[in-house]
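Subject: Structure handover

Hi there,

Here is the structure I promised to pass on. Please have it open in your viewer while you read, as my notes follow below.

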Amino acid sequence: LVPLGMGTLLGLLFAPGESDPSLILQHVFIGTILTATSVSITVETLKEIGKLNTKVGNNILAAALIDDVLGLVCLTVVTSMAGADVNIVLVLVKILLFFLFAGVLGVVVSKALNWYETKVRNRDLRRYPILAFVLCLFMAWAAEEWFGVADIIGAFAAGVIVANTPRGAYIESKFQPLSYLLLAPVFFASIGLKVEL
């Protein structure tokens, strides 16, 4: 609410005395854009200071996730008010369906990995990170393609599912070098390349 209000106020300060509803809506849109947070930057920052797996870190990430979902809902409402061909109810239903989908998939994956754990014990451990990566990519794709939710929310949901499996810590230990050496640098470089000063 604070970035939404301050962004709207900032827009009004640069266009004082304007009473056209479409211009006011543009100012609200500026505020809506400022409500979006970057969960990936939050994760990297918490990882750098060693607070990612703490109670505070988990609370910050949960709040950021909820904030992104609320920001998405807010953006949907604002764009539909601008006359865009968007059905608010349909978008809200899709968001709810995604979380239902993530919950059901979480239960299924957890049971499947528990069964696999009892079957293989300490053999074929390399398959766990591969399965986790496939789940992450699938949920990121499904979130965006099927439900219209940001792909990072799907990936975050996959991370929550994997973290609650018997091999969560092992999978994390295998992904940390990949994250530091490849994924994070490519992500930040791509963000930098998109900047237009």
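Which helix gives the most to the nonpolar patch? That is α8, with six residues. Before going further, please keep in mind that this is a predicted model.

The nonpolar patch sits on the surface and is formed by Phe133, Leu137, Leu178, Tyr180, Leu181, Leu182, Leu183 and Val186. Together these residues have about 740 Å² of accessible area. Two helices, α6 (127-145) and α8 (168-194), each supply at least two residues of the patch. Phe133 is a handy one to click on: this patch member lies in helix α6. Its relative accessibility is 34%, so Phe133 counts as partly exposed; the partly exposed class runs between the 20% limit for buried and the 50% limit for exposed.

Next, the aromatic rings. Searching the whole structure turns up twelve aromatic pairs. In one of them, Trp141 and Trp146 have ring centres 5.1 Å apart and planes at 70 degrees, which makes the pair edge-to-face, because planes over 60 degrees apart are put in that class. Both partners are partly exposed: Trp141 has a relative accessible area of 44%, and Trp146 has one of 40%.

Finally, have a look at helix α3, residues 39-48. Its buried residues are Val39, Ser40, Val43, Glu44, Leu46 and Lys47. How do they sit around the helix, and what arc do they fall within? Viewed down the axis of α3, the buried residues fall within an arc of 165 degrees, so they line one face of the helix. Just after α3 comes Gly50, which takes a positive phi of about 75 degrees.

That is my tour of the model.

Best wishes

Terms used:
Residues numbered from 1 in each chain as written. Predicted model: local features only at pLDDT ≥ 70, side-chain atom pairs only at ≥ 80, totals over all residues. Heavy atoms only, no water. Patch = residues over 30% accessible without salt bridge, like charges linked within 9 Å, V, L, I, M, F, W, Y side chains within 5 Å. Areas by Shrake-Rupley, 256 points an atom, 1.4 Å probe, with all protein chains shown as cover. Salt bridge = Lys/Arg side-chain N within 4 Å of Asp/Glu carboxyl O. Helix = DSSP H or I, 4+ residues; strand = E, 2+ residues; numbered from the N terminus. Buried < 20%, exposed > 50% of the residue type's maximum accessible area, 1.4 Å probe, protein only. Phe/Tyr/Trp six-rings, centres within 6.5 Å; stacked < 30°, edge-to-face > 60°. Arc of directions from axis to C-beta.
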